[in-house]
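Hello,

Here is the structure I promised to pass on to you. Please have a look at it first, and then read my notes below.

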Amino acid sequence: MENESACKGTEIMGEQRIWVIGGANIDIIGHASHQLKDYDSNMGDIKKSFGGVGRNIAQACAELGESVSLVTCFGADDYGNLIKENCVNLGIDTSFSITSKKHPTSTYLAILDEKRDMRIAMNDMRILEEIDEHVLKTALDEMTLDDYLVLDSNLEPSLIEYITENTPAKIASDPVSAAKIPRLKSVLNRISIFKPNAIESKELTGIEIVDDETARDSLDWFIDRGVEEIIITLGERGILFGNKDEKLWITHKTVKMDSANGGGDAMFGAYLSRKIKREDSDSAIRFAIAAAVLKVSGESELNNNSETQTLSNAGNDSTRDRNRRALEREKRIIETINTLDIKERKL
């Protein structure tokens, strides 16, 4: 394993920072042209892009001008080199990450149906097994009380326990999948912001969200276990938001979806970008919803550097260029808020 000290996207200067510990993948996404047929070869288009829940959230934060450090393990292969180059281009610090010569770059494979909704997916995240307490200690020692730490559940349970016990930063977590959300159950009382989807939520709570009562019960389940802010995404049905003071069911105007892939990560990154600025939760969640809508609808340049960018062209942008685009991106998101007819219903 090699440390990435020579591969910095930004210098660590003691500023308020969003740290991300998690996966950095190559995503291979197949979109079916017609209704999928099981046990058969289906026609469609296949694209490769940079991905990984952790890396996606880091990108969403960096593209809004935040100072971001990604702690991950890259493969010592062409894909790994491309991901690192892309992170540096985005302004993401990778100096606390490592490179593995044992495992290939982690890969995520997903099949979308003709409506561009995910039908099935598979990931190979073995490379993250090489991240251990020794690798993480330096990063944990740099974190402050004013920072946010984003934790995805691709890490081993013992490592999740170690991280949550030893960071002074406020913890925000995405459970990644229903299969991996149980890894976070024992540390919920240490999580400030938690963002499962309805399927992942049910895996822990046993509650299927079908009406206001089950929505309220689901939010209470997490709040009672110490989560400060809980966001449950419900797809076309909107999102649930809860804390000790209020519980809301939030909906917005239906939009045409280009691809569901990465929408939740864009939302979470945008939400954290506002929270680290100490914006109130209501304004932050509206901003986050608009960012997610722009991502899944493909209507803006929010998708550059990811799905619409070829892997062979990671770019070489200056800090000035990144800052200019961050301001443009923020403006585009704010403009979008007013077009979505966002409505809140108290639970």
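**What I found**

Let me begin with the cysteines: Cys61 is buried, its relative accessible area being 0%. Cys87 is buried as well, at 0% relative accessibility. A search of the whole structure turns up zero disulfides. Please keep in mind that this is a predicted model.

Next, the sheet. Nine strands make up an open sheet with mixed pairing, and their order is E5-E2-E10-E11-E12-E13-E14-E15-E16. At its edges are strand E5 (68-71) and strand E16 (343-346), each of which pairs on one side only. From one strand to the next, the twist averages 20°. Within the sheet, strand E12 (residues 191-194) pairs with strand E13 (residues 229-233) in the parallel sense, over two bridges. Ile193 is the residue opposite Glu229 in E13.

Helix H4 (residues 157-166) lies across E2, E10 and E11, and runs at about 170° to E10.

Helix H4 also holds Ile160. Is Ile160 buried or exposed? Ile160 is buried, because its relative accessible area is 0% and buried means under 20%. Leaving aside neighbours within four places in sequence, Ile160 is in contact with Leu151, Ser153, Leu155, Arg183, Leu184 and Val187. Of these contacts, Leu184 is 24 residues from Ile160 in sequence, while the C-alpha atoms of the two are 7.5 Å apart in space.

Now for the nonpolar cores. The largest one has 48 residues, and those touching the most other members are Ile18, Ile92, Ile193, Ile231, Ile250, Tyr271 and Leu272. Which helix gives the most to this core? That is helix H8 (residues 281-297), with 10 residues. Another core, of 44 residues, lies apart from it and includes Leu159, Ile181, Val227 and Leu240.

Neighbours within four places in sequence aside, Ile250 is in contact with Arg237, Gly238, Ile239, Phe241, Ile285, Ile289, Ile342, Lys343 and Glu344.

Enjoy exploring it, and write back with any questions.

Best wishes

Methods:
Residues are numbered from 1 along each chain as its sequence is written. This is a predicted model: local features need pLDDT of at least 70, side-chain atom pairs count only at pLDDT 80 or more; totals for chains, interfaces and linings use all residues. Side-chain values use heavy atoms; hydrogens and water are left out. A nonpolar core is a set of buried Ala, Val, Leu, Ile, Met, Phe, Trp, Tyr and Cys residues joined through side-chain atoms within 4.5 Å. Buried means under 20% relative accessible area, exposed over 50%, partly exposed in between (1.4 Å probe, protein chains only). Helices (H or I, at least four residues) and strands (E, at least two) are DSSP runs, numbered from the N terminus. Contact means heavy atoms within 4.5 Å. A disulfide is a pair of cysteine sulfur atoms within 2.5 Å. Two strands pair if DSSP finds at least two bridges between them. Axes are lines fitted to C-alpha atoms, for helices over the stretch in contact, and angles run from 0 to 180 degrees between N-to-C directions.
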